[in-house]
Amino acid sequence: EDELIGHLGGDNFMALIHRERQELMTEFLAGVPLELDLKTGRRKFTLAATVGIWEIDDDNIESGEIISRPSMALNQAKNVRHKNVVIISDDQIARIRQQKSVLAEYKEALEKEEFKVFYQPKVDSRTSCLVGAEGLVRWMRDGKTVSPGIFIPPLEESGEILLLDYYVLKHVCMDMKRWEREGFQLVKVSVNFSRKDLRDSGLAENINRIIEETGIDKKMIEIEVTETTDEEEHGALTAFINKLYDYGIMTAIDDFGAGYSSLSTLREFRVKTLKIDRSFINTDNFSWKDEIILKDIIHMAQELGMDIITEGVERQDQLFFVNKAGCFIIQGYYYDKPLPIEDFEKRLCKKKYDKL
């Protein structure tokens, strides 16, 4: 009683149910055992549904919203999270709508060059001197900075991130070429490429073409990628790194040590640089276990001829810890935040930091 079910069309249905019966309803929809009498005999099977749920807290909500909000939860369940049941909150709805807005404005923003490259310095802590940088993208929209946490995830999910990654690489190369003409002493700059970009069969060729067209020495550009536990992606990543190596373009493994990093990475990938993930130092109390693990990773990588960088260093005790473990190239707020191009050019002129 007082509940309602309706057919929206196709295989889409909607139900209005009492909140205390929500669990019972989702259990039922998770799988109903059925039997059919067929000419070949009696067949058993399970009828199941994917469910998106939104809890109504506002008596004045419009009927259109009552339909659209759980529909958004259903889309998340089917196409994003790949779960049988997803309950969506108002905060999540606002974020999803914001992401849709991002995708709608993205192409125009690229054409207008609203995306700007910021450069975060990499510093040799033994000399306190600038030795490299990472090119990071920021979106300047209507005088405000759009957080990467807002625009990167939907671009990755949609596959549109590829255009942005090419855009950043091209602008980094153009900046470096101009610096070269103006007499700046260049440092190596790394550029991130998403694992989603591996879907482009011409990824390595396009990266090589962009660098060659700008005339930058390939030794001054490094491509950063993250590991993957997906077997198919792993194969594509290996082939991609090998192609870049053959072109004379070096790669770095980003966020090493986060999630399911495998030591086989050190053996299989022809990479130049290993970036130790901030999770190794994101603590107030470093244990003897932390020190042993970090020392062993650094030692193995160095024995294999790799350069080592630790990212996310913000405090002096973190710096001392990674130095003790054998890593001296540092990226993080301890030395510098990502800098707009004008400020980074000043840093190129004065490479020495006033730090211990």
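Predicted model: local features only at pLDDT ≥ 70, side-chain atom pairs only at ≥ 80, totals over all residues.
Biologist: What is the volume of the largest pocket?

Modeller: The largest pocket holds about 1100 Å³ of space. It is lined by 34 residues, and those closest to its centre are Phe13, Met14, Ala15, Leu29 and Val51.

Biologist: Which elements give two or more residues to that lining?

Modeller: They are strand 1 (4-9), strand 2 (12-16), helix 1 (22-30), strand 5 (51-54) and helix 2 (63-80).

Biologist: How many residues of each class are in the lining of the largest pocket?

Modeller: The lining has 21 nonpolar, seven polar and six charged residues.

Biologist: What about the second largest pocket, and which residues are closest to its centre?

Modeller: The second largest pocket has a volume of about 840 Å³. Of its 32 lining residues, Glu134, Leu136, Ile152, Asn192 and Asp254 are the closest to the centre. Strand 8 (129-141), helix 4 (148-158), helix 5 (161-181), strand 10 (188-192) and strand 12 (250-256) each give two or more residues to this lining.

Biologist: How many cavities of 30 Å³ or more does a search of the whole structure find?

Modeller: The search finds one. The largest cavity contains about 30 Å³ of space. Its lining consists of Phe193, Ser194, Arg195, Leu198, Leu203, Val225, Thr226, Leu237 and Phe240. Strand 11 (221-226) and helix 7 (231-247) each supply at least two of the lining residues.

Biologist: Let us turn to the surface. Which residues form the nonpolar patch?

Modeller: The patch is formed by Leu34, Leu36, Leu38, Phe45 and Leu47, which together have about 420 Å² of accessible area. Strand 3 (32-38) and strand 4 (41-47) each give two or more residues to the patch. The largest share, three residues, comes from strand 3.

Biologist: Where is leucine 34 found?

Modeller: Leucine 34 is in strand 3. Its relative accessible area is 32%, so it counts as partly exposed.

Biologist: A new topic: how many salt bridges does the structure hold?

Modeller: The structure holds 28 salt bridges. One of them joins glutamate 105 and arginine 141, whose closest N and O atoms are 3.6 Å apart. Because glutamate 105 lies in helix 3 (residues 90-111) and arginine 141 in strand 8, the pair ties together parts that are 36 residues apart in sequence.

Biologist: Is arginine 141 buried or exposed?

Modeller: Arginine 141 is buried, with a relative accessible area of 16%, whereas glutamate 105 is partly exposed at 26%.

Biologist: Which residue forms a salt bridge with aspartate 246?

Modeller: Aspartate 246 pairs with arginine 270, and their closest N and O atoms are 3.9 Å apart. This pair links distant parts of the chain, with aspartate 246 in helix 7 and arginine 270 in the loop between helix 8 (264-268) and strand 13 (273-276), 24 residues apart. Aspartate 246 is exposed, with a relative accessible area of 58%.

Biologist: Which helix holds both lysine 295 and glutamate 291?

Modeller: Both lie in helix 9 (residues 288-303), four residues apart, about one turn of the helix. Glutamate 291 is buried, with a relative accessible area of 18%.

Biologist: Which residues do salt bridges with shared partners join into one network?

Modeller: The network consists of Lys122, Glu134, Glu224, Lys275 and Glu311.

Conventions. Residues numbered from 1 in each chain as written. Heavy atoms only, no water. Patch = residues over 30% accessible without salt bridge, like charges linked within 9 Å, V, L, I, M, F, W, Y side chains within 5 Å. Areas by Shrake-Rupley, 256 points an atom, 1.4 Å probe, with all protein chains shown as cover. Salt bridge = Lys/Arg side-chain N within 4 Å of Asp/Glu carboxyl O. Buried < 20%, exposed > 50% of the residue type's maximum accessible area, 1.4 Å probe, protein only. 1 Å grid on protein atoms, 1.4 Å probe; cavity = no way out; pocket = protein on both sides within 12 Å on 5 of 7 lines; lining within 4 Å. Points joined across faces, edges and corners; volume = space filled by probe spheres on them. Nonpolar A, V, L, I, M, F, W, Y, C, P; charged D, E, K, R; others polar.
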